[in-house]
Every structure is written in structure tokens, then in C-alpha cells.
Amino acid sequence: MGEEVACCKRTGPGYGTPLEAMSGPKEALMYVTCVYNGTGREKPDFLATVDVDPNSPTYSKVIHRLSLPYIGDELHHTGWNACSSCHGDPSSDRRFLILPSLLSGRIYVIDTQKNPKAPSLHKVVEPEHIIEKTGLAYPHTSHCLANGDIMISFLGDKDGNAQGNGFLLLDSQFNIKGRWEKPGRKAEFSYDFWYQPRHKTMICSTFGAPSAFTQGFNLKHVEDGFYGRQLSVYDWPDGRLKQTLDLGDNGLIPGEIRFLHDPTKDTGYVECILSSNMVRFFKTQDGSSWSHEVAISVKPLKVQNWILPEMPGLIIGLLISLDDRFLYFVNWFHGDVRQYNIEDPKNPILVGQVYVGGLLQKGSPITAVTEDGKTWQADVPKIQGHCLRGGPHMTQLSLDGKRLYVTNSLFSTWDRQFYPDVIEKGSHMIQIDVDIEHGGLKINPDFFVDFGAEPDGPCLAHEMRYPGGDCTSDIWI
């Protein structure tokens, strides 16, 4: 990491430490990726600016929409061009939001500095150029690097084959540099990734093949090996695959992955979506390799009137507070948001839980069945008279850890399969108040953004970022 450390002086983007970030300014705006792809409405996806300042007259409203120039992108995850990994670099500036398009392969670069309330399109990296130079398609996670480069995971090749997966490097001007990983031993899949420079390691999850998941979810695809159950451990920054952790049946479909924010720590978590386990990974005692164990398990529920006799939680939306005290995730099927105390990383304790949707809410034809044969459904409150549609998915946490924002679209094809009402009526964004002293979650009744009321018709709201201070995915070196 010599080159990256050398670039860092005293002034730059982000914060010197995760704890310092917690005392940063309160968020006032939120950028939300909004999807029309897959809804049947022939409109381009857009980036919404949402007012999240409770003292503003437009609080809880969309105040700007940046429509993108193409149809069929499927905006998904996002990232910044610079973050706390180069806090000391005076030439670095957290100005541009990176928007990879999961289906088209396009990468949009958005300028958020000229007018934070009304960001503008700065550059488009076209998919044919990426394929020509690297063979990569289906981009997912974007992370900034301390040397000014941007690294993006890609899930496969242009035909949706997972074997074509890898990592793209863009330079600070968003020009294609090539692949990050070195030739040789190759991972079967790639998805979300996180690097921990002081441990010279990057770990990547292994969701599945685009040729499978873009068709909708099919259990047969899991049996046929089109979804992953491994973690890929790479040398950092060298890019050589050094270890593969087989998570087995406890780790079916690994999704989002997070190290603890403290850069000295050698442990983190990955959500295993289908198994509905949160798996902890850690360096072995002698420091020579990495290992794993199940830290949290969400048991499947016996149900009536569903496609299967048991319903997994389908955990997703993993997030860790900046002080490494609390871990959050959601159950997309069951409909609850959870908060765990992870001060002892080996033994997480559930301290907060609230239902904000799901397949089991009252009024649904689906019911859960207890061991004694009784049926139950979840009480899901209305917010400002609005029913909460679908299941919770993406999460974003305020710097101080007191406000958790949640949207409810996973991926348009899966939304249509499991929550068709979200396709028809649109999704929404809510805010949950967090007790950071003792643990606890409570829905904020004053905040509700209805993306079903968009001028061009209902859309799907996905990932959220706030300008200038979004550190829930920053990496410290």
C-alpha cells in the first residue's frame, strides 16, 4: 500500500477515522437510484435528490430528478470517486457519484458538486468500450481507491456467463485502465467486495451468474451451480486470488460483504441470502489464512399459501455502524429490519427489530404457522396513510448512527416475481429512528417518500447516498 499511503497528506475527502466521521454534519440531501427498467414503463432510469432535512419545507420530498439518456440500464449500486481512504490527499475531492448500470453495463459519472440539489451528468463510460478492452459486463459494486483509481466488480461477460467475472479499474478521469485482478487462478463468481489494506486483503462475495438471476429466481439454478457459496480472498493490492472459502449450505448466495470499519480489525460479515445466515469471516490465529463461522441465523418460517412450505428470511441490506457497535440487515421476504449489537463480533445480540413490509403482513394471503399450529401475520403500520408495499431491501445509515433509511426494491425481475404490487404501484423510502445507547428501532412517522407518485409513473427506488459525507461504505487505510 506504499503508493496509496504516500498520496495522503493532511487534507482531503472524508474523515481521518471512522469515529471522527460520526461527528460529521447531519445529512440534508439523499441521492436515490430510481429504476424504470423492468416496470413496463419505457422511461430511462433516474437519480432522485430527496430532501432529508426535517427543518426544510420540502422535507421528505423528491426535489430533483436527473434522467439518464438511455432506456434499459437498471441502476443498482453506487459509489464515490473518492472517500476516506485518501483523507489526507489535497488533490482528491468527493465530487463524483459513480452509477454502474447492472444490465446495460454502462457506467455513469454524476457531478454532485456544481449543484448538490441538482446533480448533473459528467461522463458516460460505454459498455462496448468496457467489453472491448476487458470483456467485462454486468457491473455491480464501485469502490474508490486511495491512489485515485476506481474499482468496480463485474458479474460476468456479455453473455451472462459468471466465468467472465472480474474487476475494472478506471483512472481518476474515468478512463478505462483494464482489469485489476492478475491472470492465473480465477474465482467462479464475483459480486460485492471490501478491502482491508492493513491486512493486505480484499474479499469478494459470489452471488450468481447473470444468465440465471436476470431471469428471476429459480431454485433449480441453485442446484445447477449458477449461484455461489464461496468467498474469494485476494492479495491486496496485488490482485492475486490466494484463497477460496467454501461456505457450504450455510452460505448459499453470498451477497453484500463488510469488514469492520476499524482498519486494524481482521474480521467482517457477509450476508448469505438464501441460507439466511450472517457469516463472520476472520483471520486465523497464526495469520496465514482466513476462516468463517455462522454468526447469525434467521430460521425459515413454516407458511401456508406460498410457493414453498417454508419461507427463508432472504437476508440482505447488510450495514455496520461506523463505531462497529451495531450491524443491520433486513429480511426481504419476512419483512423485518434488524439491529444487532456486535461489540462481541463472535456473538451478535438482537437489540432492535421492526416490520416494515414483507410477504407475511396482515392482509396477505400468506400466513406463518407456529410449532403449536397457530397462524400469525406481522403488524405493519401505515405511514401517513400509506401501506408499506413489498419487502425492505437497501439501507443507509446516518453518520451518527441515529437514522436508518430503507428502500424496498431488490431487482426489477425479482420484484415482479415476488412483489408485483411494487412494480404496479412503485416503491418507497422510509426512515427508522435508532436507539444507539441500548438498541432499538422505531419508524419515523414524519418521513415517507412515495416513488409511486412520480410524474412518469411508479418507479423502483434502490440505493441511497448523501453528498459530501456518506461514510457507511468508506474504507480507511
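A: Asp73 counts as buried, because its relative accessibility is 0% (buried means under 20% relative accessible area, exposed over 50%, partly exposed in between, with a 1.4 Å probe and protein chains only). This is a predicted model, in which local features need pLDDT of at least 70, side-chain atom pairs count only at pLDDT 80 or more, and totals for chains, interfaces and linings use all residues. Residues are numbered from 1 along each chain as its sequence is written, and side-chain values use heavy atoms, with hydrogens and water left out.

Asp73 forms a salt bridge with Arg106 (a side-chain nitrogen of Lys or Arg within 4 Å of a carboxyl oxygen of Asp or Glu). Their closest N and O atoms are 2.8 Å apart. The pair links distant parts of the chain, 33 residues apart. Asp73 sits in the loop between strand E3 (62-67) and strand E4 (79-80). Arg106 sits in the loop between strand E5 (96-100) and strand E6 (107-111). Strands (E, at least two residues) are DSSP runs, numbered from the N terminus, as are helices (H or I, at least four). Arg106 is buried too, because its relative accessible area is 11%.

Strand E6 also holds Asp111. Asp111 pairs with Arg95 in a salt bridge, the closest N and O atoms being 2.6 Å apart. Arg95 lies in the loop between E4 and E5, 16 residues apart from Asp111. Asp111 is buried, at 1% relative accessibility. Arg95 is partly exposed, at 23%.

Now another pair. The side chains of Arg258 and Glu256 meet in a salt bridge of 3.1 Å, N to O. Both residues are buried. Over the whole structure, the search finds 21 salt bridges. Side chains of opposite charge can pair when their charged atoms come close.

What about the nonpolar side? The largest nonpolar core has 65 residues (a core is a set of buried Ala, Val, Leu, Ile, Met, Phe, Trp, Tyr and Cys residues joined through side-chain atoms within 4.5 Å). Tyr227, Trp332, Leu404 and Trp414 have the most contacts inside it. Beyond its neighbours within four places in sequence, Leu404 is in contact (heavy atoms within 4.5 Å) with residues including Leu319, Tyr328, Val337 and Ile430. Another core, of 27 residues, lies apart from the largest one; Met151 and Leu247 are among its members.
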